[in-house]
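Trainee: I would like to learn how to read the features of a model like this one. Please take them one at a time.

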Amino acid sequence: MPFSNQDLRSAGLKVTLPRIKILQILEDSTQHERHMSAEDVYQALRDAGEDVGLATVYRVLTQFEGAGLVTRHNFEGGHSVFELDHGEHHDHMVCEDTGQVIEFNDPIIEERQKKIAEEHGFELVDHSLVLKVRKRKEK
């Protein structure tokens, strides 16, 4: 479900044109492009003829993260990418050759992680699983 101006207000953020434009860029991103860096968002804005500076993009993405609208991931050696947070948990695979990010959800892995925490006397509160992958070579 798309985010709205009301979602910005509910998150304690004033509805401004840069915030709306950045939210639209993130909403319109495809599954393959869903994990966008600040530079990716900035370039998409420029391609759309929008006059929003890179510093503004960084600031807005940080505000969105603080408000729980986006999630920041550091997949590639400190290079941050962002995705809208719709509240649905998923894990990631990152191709080491191409940088492509693939989302997945596996109920067996989720249950096993909870059991591992319980076996050690803990309750699982949150987690992030990133598998580094590479296409198999054809034989």
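Trainee: How many bridges join β3 to β5?

Mentor: In general, strands of a sheet pair through backbone hydrogen bonds, either parallel or antiparallel. Here β3 (residues 91–95) and β5 run parallel and are joined by four bridges. Two strands pair if DSSP finds at least two bridges between them. Helices (H or I, at least four residues) and strands (E, at least two) are DSSP runs, numbered from the N terminus. Within β5, K132 is the bridge partner of V94, and V130 is that of H92. This is a predicted model, in which local features need pLDDT of at least 70, side-chain atom pairs count only at pLDDT 80 or more, and totals for chains, interfaces and linings use all residues. Residues are numbered from 1 along each chain as its sequence is written, and side-chain values use heavy atoms, with hydrogens and water left out.

Trainee: Which way do β3 and β4 run, parallel or antiparallel?

Mentor: β3 and β4 run antiparallel, and four bridges join them. V94 has V101 as its bridge partner in β4. The hairpin of β3 and β4 has five residues between the strands, and G99 there takes a positive phi near 80°.

Trainee: What is the order of the strands in the open sheet?

Mentor: The three strands are ordered β4-β3-β5, with mixed pairing. β4 (101–104) and β5 (130–133) stand at the edges with a single partner strand each, so one side of each is left without a neighbour in the sheet. From one strand to the next, the twist averages 25°. As for β3, four of its five residues are buried, so β3 is largely enclosed by the rest of the structure. Buried means under 20% relative accessible area, exposed over 50%, and partly exposed in between (1.4 Å probe, protein chains only).

Trainee: Which residues have the most contacts inside the largest nonpolar core?

Mentor: In soluble globular proteins, nonpolar side chains tend to be buried together. A nonpolar core is a set of buried Ala, Val, Leu, Ile, Met, Phe, Trp, Tyr and Cys residues joined through side-chain atoms within 4.5 Å. The largest one here has 20 residues, and those with the most contacts inside it are I22, L26, V41, L45, V57, L61 and F64. Two or more residues of this core come from each of α2 (17–28), α3 (38–47), α4 (54–66) and β2 (79–84). L26 touches M36, V41, L61, F64, V70 and L84, again leaving out residues up to four places away in sequence.

Trainee: How should I read the packing of α3 and α4?

Mentor: Two packed helices are described by the angle between their axes and the distance between the axes. Axes are lines fitted to C-alpha atoms, for helices over the stretch in contact, and angles run from 0 to 180 degrees between N-to-C directions. α3 and α4 pack at about 125°, with axes 9 Å apart. α3 and α4 are therefore oblique to each other: angles under 35 degrees count as roughly parallel, over 145 as roughly antiparallel, 65 to 115 as roughly perpendicular and the rest as oblique. On the α3 side the contact is made by A38, E39, V41, Y42 and L45, and on the α4 side by L54, V57, Y58 and L61.

Trainee: At what angle do α2 and α4 pack?

Mentor: The angle between α2 and α4 is about 75°, and their axes are 10 Å apart. These two helices, α2 and α4, are therefore roughly perpendicular to each other. Their contact involves P18, R19, I22, L23 and L26 of α2 with T56, V57, V60, L61, Q63 and F64 of α4.

Trainee: How many helices and strands are there in the protein chain?

Mentor: The protein chain has five helices and five strands, in the sequence pattern α-α-α-α-β-β-β-β-α-β.

Notes:
Contact means heavy atoms within 4.5 Å.
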